[in-house]
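Visitor: Please show me the model, and then I will ask about it.

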Amino acid sequence: MHRVCLDAPDDFEGWRTQARRLAQAGVPPEAVVWQVGDAPGDLFGVEAQALPPARGRPFTVPKPFVTLAEQALLHSDPQRFALLYALLLKVAANPALLGDRADPLLRRVETMASTVRRDIHKMHAFLRFREVEEGGQPRFIAWYEPEHHILRANAGFFVDRFAAMRWSILTPQGTLHWDGETLTEGPPARREEAPKGDPVEAAWQTYYSAIFNPARLMTGAMLKEMPRKYWKNMPETALVPGLIADARRRELAMIAQAPQVPRVTRHAPPQDRGAALRLLREEAAECQRCGLCSQATQTVFGEGPEDAAIMVVGEQPGDQEDLAGRPFIGPAGALFDRALAQAGVPRDRLYVTNAVKHFKFEQRGKHRLHARPNVGEIDACRWWLDQERAILRPRLVLAMGKTALRALTGQNISIGQEAGQGLMLADGTPCRLTVHPSHLLRLPSQAEAEQGFKRYVEDLRGALVGLDQDSAEGLEAATDHLQGMS
Amino acid sequence: MSSLSLTDKLAILADAAKYDASCASSGGKKRDSRDGKGLGSTSGGMGICHAYAPDGRCISLLKLLLTNSCIFDCHYCINRASSNVRRARFTAAEVVKLTLDFYRRNCIEGLFLSSGIIHSPDYTMEQIVEVARALREDHDFRGYIHLKTIPDADPALIEAAGRHADRVSINVELPTVSGLRRLAPDKSQDRIEGAMGAMRGAIADGHDARRRYRSAPDFAPAGQSTQMIVGADAATDREIVARASTLYERFDLRRVYYSAFSPIPDASAVLPLRRPPLMREHRLYQSDWLLRYYGFSPQEVGAAADPATGMLPLDIDPKLAWALRFRESFPVDLNRAPRELLLRIPGLGVRAVDAILSARRLRQLRLEDVARMTVSLRKLRPFIVTADWRPVALTDRSDLRSMLAPKPAQLELFAA
């Protein structure tokens, strides 16, 4: 058994010289014990042999191996010297092995090297200097606890960066001191030797909390790059728990605060709902969110006063609506008007829109036959409906037909028996359900059509009454019922 | 305003900058202060993230607004003229002091300065340039500087910005022209793109001059980038990817940043308040990598989106979505396929592909070899062939997507 003593845990040159010597003498890896300094010898009662003399044939390995070994040697794993020596022998015998990233030993050493690189990078990032006054001159002192033996390897980075400053880096493994011209090393330090604080740190903490956006809390992403083990020596991380705890409250406060009355400015920007709707309508005219725009004549956007209390949502424009560019003017629209008149609801008080804003049809000879929009098309168009709702903030939404309900809730609920009922939308707006007027046009018998129409009128009237009566409380039963079904 | 302390201003003007997505300090030129003069260095390659905020974003640069007063009225912006937000304004000297103070303590890689528009675009740009000039010339600062430039400012000022900065950026703001018209009535796509085009020319001239005369000054060595807001207009993911790709080509951009529209206090009535679609932003960044590192064309990324809605799936990444849509391209033989095909395999990154290419010159790859070179085999198996593995029916299974997508999590019943 041969024992090799290295000067320091990061003594790459020492390892390199001895490893070369051992390899040239053909010593197998299991016959070498590597140690740093004067560690207690004969741990296993093995008598140490003298090292073989430096001789033998010239010995080369590819350069990438040297780079890899230099990095991996800084790892804190006590087995690193032995692993590297074993790898050295394998690479010497077969230099192509360095390309074999599936080789378990090479893989292990590469993982060690990459861990070291990460540790080096994190020290560049997470080390913080504190300023002290020394002999009338500023001096910057940092306390840092690296995980691997990277202190010396990192000296160059800090000299490059802070050459004109006087600084010291204190670690439990050793210290570095730069006086503006030369770098000196010192013995391990204790945390108490580092200064406690620095007035600039308060400003830095102010910055750290202000640049954090509470609406985007992603603690996992933060921890992946800045694990807790680094936190103890960074001034800003003390704030993290408080920032996380307060994030939701701050986000809700941001939402609750809006919208306030805008400041009057020279520009007098469009702040009112009417202007917002007009701009949205202009944007919708160019919509290409799904394929329907290629066939249809134009976007048929919603219509009605911007302060309407009730928003009525239908399915999609038909043939006549597509040509005129206005919702609910065809046969179904006429029926809708008739029912509104009977229910005593003035149409000009309603905001009327469709779930899907382009006409979908199949061409049959001269006729364009209505085709039902699919879920993809409904979901693509939902963006517009959401924007309309957000601007109008109606007190009640009336969903006419299954497509409207899908667009409002994202769920497939069939209306049928549930017409006249209500539910609560995700944002808390009450929503009433009824059939789509075109459904009534398709009913086979006169009797059914009459009965259906009667019921439809009741639903519309119910919506108007509901506007006064609907409260979260009153809707609860109906909502529960519907959720049970879906 | 003068009654505000420096810390008060810092709180206001950093808060105002938190909606800006970009913070990178990468891709510049290597510099140091070894000569004992000046302060700072840049690595040239990868930037350094000095901290991470609880929102998961890195803090590399001191990201500030010179002022959050603005004569413009962009609806998505907290600093728009009609907002009731508290206003503050730094002097150039104050920003310089903060940058140097934080830099000396190793808290930052440099400065990222933006500003609301005050008085006029020229006046504002002058102030921004003055900060950078003072840092570089008066203090010999050699750290990273990223300046946001204002499209309408005098070209001479924008040129000066490029001389002092490592990187400059001009925001396109929104992916669609109609969105820009609705939400940023004071801005115009023509002016923005004109400025980006001019900047591209200036950067190219700068590089050219450096090649010929070593004494020529650096001009924005880290190039230009841009940012667009996602979720405030009707643009679909497919449109956004196509737009980003055009921008990369036309203006030789280093990066296109996406910023998910975020609820802001005191929002304009034109905008709905909603939690930002953060996952959507993440998927767009993944698609950006597909364009830049994986050899996908924008049309191919578009094909990974839902055909009807044009949106990328949120539950799986775009590369997996593409593979599931084009199953006839799989399985790929890891021992034979060219690099371009290996890069298409979901779950294989660029580094894993390089490892496979070098290893297979020496051995026939088996599944266990692949396991040592990649993060997870589970996702990979249906798409690859190795010496001892062939997925047979797996690739064609109709429930493959549900096998690979993350399992839906139980929602918290009593979430706060």
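Visitor: How many residues does the contact take from chain B and from chain A?
Guide: This is a predicted model, where local features need pLDDT of at least 70, side-chain atom pairs count only at pLDDT 80 or more, and totals for chains, interfaces and linings use all residues. Residues are numbered from 1 along each chain as written, chains are lettered from A in the order written, and side-chain values use heavy atoms, without hydrogens and water. Contact means heavy atoms within 4.5 Å. Chain A gives 90 residues and chain B gives 93 residues.

Visitor: Which three residues supply 11% of the area that chain B buries against chain A?
Guide: Buried area is the accessible area (1.4 Å probe) that two parts lose on being put together, summed over both. For chain B and chain A that comes to about 7,900 Å², with 57% of it on carbon and sulfur atoms. On the chain B side, more than any other three residues is supplied by Y52(B), P54(B) and R105(B).

Visitor: What is the distance between the closest N and O atoms of R363(B) and D100(A)?
Guide: A salt bridge is a side-chain nitrogen of Lys or Arg within 4 Å of a carboxyl oxygen of Asp or Glu. Between chain B and chain A the count is eight. R363(B) forms a salt bridge with D100(A), and their closest N and O atoms lie apart by 2.6 Å.

Visitor: Which residue in β14(A) is the bridge partner of L423(A)?
Guide: Strands are DSSP runs (E, at least two residues), numbered from the N terminus, and two of them pair if DSSP finds at least two bridges between them. β13(A) and β14(A) run antiparallel and are joined by three bridges. In β14(A), the partner of L423(A) is C431(A).

Note on methods:
Helix = DSSP H or I, 4+ residues; strand = E, 2+ residues; numbered from the N terminus.
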